Number of protein chains: 2
Amino acid sequence: MSLYCAGSSYADGIIDYELFYEQAHQYMTASFVPDGFDCLRDSFLGPYRTEDNPLAVEQGRCFGSQEKGGNHCAVLSRAITLAPGESARLVWMLGEGGRQEAERIRQTYSDPAAVDAAKADLAAYWEDKLSRLQVQTPDADMNTMLNTWNLYQSEVNILFSRFASFIEVGGRTGLGYRDTAQDAMTIPHADPEHCRGRILQLMQGLTSTGYGLHLFDPAWFGPQPEKPAYKSPTVIPTPERASIVHGLEDACADDALWLVAAVAEYVRETGDLAFFDQVVGYADGGEGTVYEHLTRILDFSAEQVGAHGICKGLRADWNDCLNLGGGESAMVSFLHVWALGQFVDAARALGRTKDAGHYEAMRRAVADTCERELWDGSWYLRGITADGRKIGCQADTEGRVHLESNAWAVLSGAAAPERGRQAMDAVDRYLYTEYGLRLNAPSYTKPDDAIGFVTRVYPGVKENGSIFSHPNPWAWCAEAMLGRGSRAMKFYRALCPAAQNDKIEVRQSEPYSYCQFIMGPDHTAFGRARHPFMTGSGGWSYFAATRYLLGVRPQFGGLLIDPCIPADWPGFTVTRVWRGAVYKIEVQNPHRVEKGVASVRCNDQPVEGLIPPQPAGSINEVVAVLGAPAAAGEKEERGTMA
Amino acid sequence: MSLYCAGSSYADGIIDYELFYEQAHQYMTASFVPDGFDCLRDSFLGPYRTEDNPLAVEQGRCFGSQEKGGNHCAVLSRAITLAPGESARLVWMLGEGGRQEAERIRQTYSDPAAVDAAKADLAAYWEDKLSRLQVQTPDADMNTMLNTWNLYQSEVNILFSRFASFIEVGGRTGLGYRDTAQDAMTIPHADPEHCRGRILQLMQGLTSTGYGLHLFDPAWFGPQPEKPAYKSPTVIPTPERASIVHGLEDACADDALWLVAAVAEYVRETGDLAFFDQVVGYADGGEGTVYEHLTRILDFSAEQVGAHGICKGLRADWNDCLNLGGGESAMVSFLHVWALGQFVDAARALGRTKDAGHYEAMRRAVADTCERELWDGSWYLRGITADGRKIGCQADTEGRVHLESNAWAVLSGAAAPERGRQAMDAVDRYLYTEYGLRLNAPSYTKPDDAIGFVTRVYPGVKENGSIFSHPNPWAWCAEAMLGRGSRAMKFYRALCPAAQNDKIEVRQSEPYSYCQFIMGPDHTAFGRARHPFMTGSGGWSYFAATRYLLGVRPQFGGLLIDPCIPADWPGFTVTRVWRGAVYKIEVQNPHRVEKGVASVRCNDQPVEGLIPPQPAGSINEVVAVLGAPAAAGEKEERGTMA
């Protein structure tokens with residue numbers, strides 16, 4: 001038999017029970033002795049052959065090929081003869097590192113029992129992580145996603161955070177500001193320390209003006225690796241600070257606003273209020289507390305407004321291809337409202353009532369401006385161009401309805417309830433497809449540089465009318481806030497990879513990973529998903545489903561239970577570790593409502609509003625009964641997202 | 001039948017008789033109607049198949065697949081039935097451009113006669129270019145290379161000049177300073193206007209300090225394209241001047257020195273002495289004449305010397321992986337001597353005798369320093385590290401002998417004749433292989449950052465002991481200057497692609513293109529050539545073979561005939577167009593010498609020294625008879641390269 005691993009000399013971080021031999025013949029004295037190897041792809045395949053018919057497989061033996069600097073593969077072979085009923089076990093290990101590291105690994109795992117133990121360790125690592133939040137709902141696909149794959153995908157994002165992703169754009173490297181902030185925001189419970197580290201890196205990438213560096217390497221601000229004495233002319237030099245801090249012309253209007261929520265979620269998860277007073281540097285020099293950093297972000301957005309008082313879109317808002325410059329972005333103003341709400345909650349938790357009052361007044365003023373300028377009769381505009389044209393209005397024949405602005409109008413708390421319902425009805429009517437919600441419709445076909453590059457993207461692809469996954473969960477949150485659980489679940493299931501396991505020939509992507517986008521109905525390949533794993537929908541789908549649909553939401557002062565589910569669900573359970581205590585939550589839905597908690601009991605005691613933090617190590621039984629929906633939203637610390 | 005063109009929507013600049021249809025079905029009303037097409041690779045190949053067994057070929061018809069933004073191919077099919085003895089002609093056209101351009105092309109070439117005419121035009125274009133220099137020698141491989149392929153390769157380099165080359169390093173784009181200067185230097189006769197344009201671009205990329213921008217886009221200094229209103233966050237912004245002019249720490253010590261010879265060769269070819277007085281800007285602001293630019297280059301090298309008075313290596317000298325920083329580079333000081341010689345010749349031709357005297361004194365002083373500091377007993381050092389260690393000395397066990405410094409010691413005119421012969425004997429003894437001359441030997445195996453990245457490259461690969469093609473012709477020039485024609489030809493033939501047509505399974509590259517390097521004897525793949533076309537050996541091999549082996553060298557004041565050939569050659573002919581006149585040169589070698597011109601006759605009149613420029617349009621018969629080698633070198637305007 002032979003194992004053929006295409007690719008070059010790096011592994012993908014997933015530990016498995018195979019060892020990649022950099023030079024296999026060095027290790028042929030091991031207890032598991034291969035009887036042949038190939039390190040050169042061309043030798044293994046043979047001339048004029050492909051992976052369909054490798055010569056080494058056809059002839060039943062390898063060539064022992066190896067070379068420094070060639071086009072490598074890793075092939076080991078071992079012939080075995082089995083008597084009737086006999087079985088054999090072969091252990092191959094795949095790892096990353098130099099020869100010494102390989103020798104160490106080989107030694108460590110030369111006993112198959114050590115391999116079994118390592119496998120068990122890995123399982124325990126994930127078991128621990130996953131056990132912090134487990135659900136049992138009537139929806140099997142949702143259970144599969146939330147209990148295993150969704151957190152796994154989110155963790156991959158946190159670990160690599162687009163840092164190593166070359167899927168989309170060759171040469172791009174570094175932390176993406178907005179993506180990293182959202183990754184950190186959405187799964188703080190899985191690894192709070194890592195989350196805190198990522199947040200501090202982002203704090204260092206914030207300018208004192210209040211915008212973030214759109215793409216940066218944390219090493220620029222951390223301890224610098226020693227500059228090598230030699231330098232090939234093609235190596236990009238380590239940048240000087242003056243050259244890495246880009247100006248306002250390269251700032252994206254949304255980047256830093258996400259960080260406000262990331263900090264708030266980290267503290268809601270951990271209770272670590274002191275984090276707000278940690279001192280961190282600014283990218284362009286100087287320093288301030290985390291709290292001060294956040295005020296710079298909020299003040300920046302308050303200043304950077306256009307002719308109608310709506311936040312400027314700058315180089316881009318969340319949508320990379322909406323390039324408004326001095327034009328105005330509805331989404332950013334809604335994000336501003338939302339971030340202000342997050343901050344006001346925090347200021348209150350810290351007892352800084354004067355700041356809370358100041359920023360609450362700002363929040364109300366921005367929300368009022370949004371309501372005045374952005375409502376278009378049946379839904380919200382996406383923005384206003386620098387030359388004063390409305391984007392996403394009833395009169396438009398292309399890009400008429402947009403997902404981001406309508407979802408955020410609700411999610412931010414800015415929209416009046418009736419307008420919110422109308423806006424989300426428009427989303428359902430114009431943007432819903434069986435693969436999820438489109439970003440906009442109809443797709444653009446005519447270039448319009450005042451709107452941006454989106455108007456030049458092929459219809460149905462990426463930002464132009466595809467089912468862009470990242471904003472889909474925003475709509476689930478919005479519907480949950482409006483109390484429409486059936487529709488929230490309809491949107492959830494349309495995007496759910498596990499629910500599309502039988503459409504693999506259309507979707508063409510793994511059924512356990514959200515993808516960056518799915519080709520929209522305006523494209524010939526409608527339904528085809530692309531760019532798995534590295535997408536903000538990883539974290540956001542997990543966040544929206546657990547906190548808004550299932551409704552288990554940590555607050556600064558306690559745990560909120562506020563589900564929004566389809567009326568035909570009899571109930572569900574959630575096991576949640578929060579601040580060191582376990583909460584076994586059973587939600588009962590005897591009256592078959594979609595939203596509204598009638599009563600909560602914790603360890604058989606009635607609870608009004610939030611469940612107070614229980615002692616670390618304790619295991620707590622929580623029973624929530626749905627019934628009277630009216631008062632539910634009011635229990636939350638804010639009317640905004642929390 | 002079907003034609004299958006893999007790849008995406010760009011062509012490679014080579015006009016051929018096939019048309020690439022962006023969307024083939026748009027053009028199916030043409031007189032040559034395909035009966036099927038595929039634009040999607042996956043459709044054409046079919047699921048679980050490869051190029052070995054495309055489904056469309058197997059089933060004999062295409063799928064008509066097309067998609068915006070997919071993984072494309074261009075497949076057209078046409079079924080034909082031939083009666084016995086019948087023949088048919090199918091014309092497929094491949095082009096570059098949008099739909100309108102495609103329609104225009106289709107219309108233009110809908111008549112097969114127009115296709116034939118276009119093919120004839122293309123042939124005439126090359127016929128004209130190639131006819132400016134044609135040779136007939138006793139060596140058939142040399143004839144093939146010089147008369148067709150070598151100029152073709154050089155022209156490809158001039159045309160793209162590494163600008164579009166992603167062979168080696170992803171993301172690199174722009175003109176490489178040193179490579180472009182050498183490309184322009186080596187084939188000015190093929191397109192003098194284009195050559196002049198390239199030189200002016202390089203002049204604009206020169207800093208007023210006298211070093212060149214190592215990699216730059218001429219558009220930075222020419223008319224700027226309008227900045228687009230939209231900008232995707234992954235687009236690299238148009239740089240500001242302050243950010244594109246790199247500092248001395250990123251300067252390569254050799255870059256601008258090549259430009260001195262490029263200007264000299266351009267003027268020797270064209271006689272355009274006024275070019276020296278053309279005013280051009282500097283990269284960092286200000287302007288000066290071409291002549292002044294050259295003095296800045298020469299003065300820069302005179303100032304940038306290390307502890308022993310030898311030029312500093314800076315970020316790199318010609319060798320990208322020799323990173324000496326403040327250490328000293330023998331090659332750069334020899335280049336400096338050579339460039340000074342070029343400039344002194346020019347200053348004399350311009351009648352600027354004071355400058356000529358000043359820089360001739362500098363040239364002699366630098367040459368003396370080289371002879372004093374760099375001779376190591378049997379060959380020349382490669383350099384001296386910043387901490388004072390000799391590189392490439394007798395005591396070394398790795399990197400003991402280097403090609404560049406020994407070839408340039410002779411080529412620059414700095415080496416005393418006996419030392420020059422010894423140095424080149426060491427090259428022959430230690431660096432010669434059947435595939436050409438190695439860059440150094442033995443290959444490095446121990447990292448030494450005072451020498452540079454070369455010590456970390458795999459032995460036998462690229463800069464570390466491979467047969468790096470670019471410097472090979474330098475050794476041919478050196479041997480020709482030493483009068484050793486047999487050895488020059490031995491070196492020539494070892495690298496000659498046409499002479500290795502029967503080693504394709506080892507060489508693995510086309511037998512008509514020089515490659516960047518050939519794996520050296522310290523590597524398991526010894527003899528394998530890599531990176532065809534885009535290599536400085538394209539121009540240099542042509543330059544060295546025609547000007548030094550065959551010895552037809554334009555000078556400022558006339559045409560020099562000074563061959564150096566194997567003694568067993570009875571003679572050869574060269575037809576050369578120079579300054580608008582044709583020279584039909586016959587070289588006779590009745591005494592079977594390797595070098596030394598006894599007599600020259602032009603149009604049956606005896607010539608002393610240089611052949612004076614003849615009237616444009618004239619055809620001139622030149623007969624040179626070899627015989628008494630002693631006086632040959634003295635006829636040249638300089639003892640240096642000319």
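Start at Gln588(B), which stands opposite Val625(B) in β26(B). This is a predicted model, in which local features need pLDDT of at least 70, side-chain atom pairs count only at pLDDT 80 or more, and totals for chains, interfaces and linings use all residues. Residues are numbered from 1 along each chain as its sequence is written, while chains are lettered from A and ligands numbered from 1 in the order in which they are written.

**Stop 1**

Select 581–588 and 619–626 of chain B. These are β23 and β26, paired in the parallel sense over seven bridges. Strands are DSSP runs of E with at least two residues, helices are runs of H or I with at least four, and both are numbered from the N terminus. Two strands pair if DSSP finds at least two bridges between them.

Now widen the selection. The open sheet has six strands in the order β4-β22-β23-β26-β24-β25, with mixed pairing. Its edges are β4 (133–136) and β25 (605–607) of chain B, each pairing on one side only. Neighbouring strands are turned by 20 degrees against each other on average, direction ignored.

**Stop 2: the three-stranded sheet, chain B**

Go to β17-β18-β19 of chain B, an open sheet with antiparallel pairing. β17 (467–468) and β19 (529–532) are the edge strands. Select β18 (residues 515–518): three bridges join this strand to β19(B). Ile518(B) stands opposite Ala529(B) there.

**Stop 3: α7 and α9, chain B**

Select 192–204 and 257–270 of chain B. The axes of α7 and α9 come within 11 Å and cross at roughly 155 degrees. Axes are lines fitted to C-alpha atoms, for helices over the stretch in contact; angles run from 0 to 180 degrees between N-to-C directions. The two helices are therefore roughly antiparallel (an angle over 145 degrees).

Show side chains. Cys195(B), Ile199(B) and Leu202(B) are among the α7(B) residues that meet α9(B), where the partners include Leu259(B), Val263(B) and Tyr266(B). Contact requires C-beta atoms, placed from the backbone, within 7 Å. The contact residues divide into eight nonpolar, one polar and two charged. Ala, Val, Leu, Ile, Met, Phe, Trp, Tyr, Cys and Pro count as nonpolar, Asp, Glu, Lys and Arg as charged, and the others, Gly among them, as polar.

**Stop 4: α11 and α12, chain A**

Switch to chain A, residues 330–349 and 353–374. Helices α11 and α12 pack at about 160 degrees, axes 9 Å apart. This pair, too, is therefore roughly antiparallel. Phe334(A), Leu340(A) and Arg348(A) are among the α11(A) contacts, with Tyr359(A), Met362(A) and Leu374(A) among those in α12(A). The tally is 14 nonpolar, four polar and four charged.

Terms used: Parallel < 35°, antiparallel > 145°, perpendicular 65-115°, else oblique. Contact = placed C-beta atoms within 7 Å.
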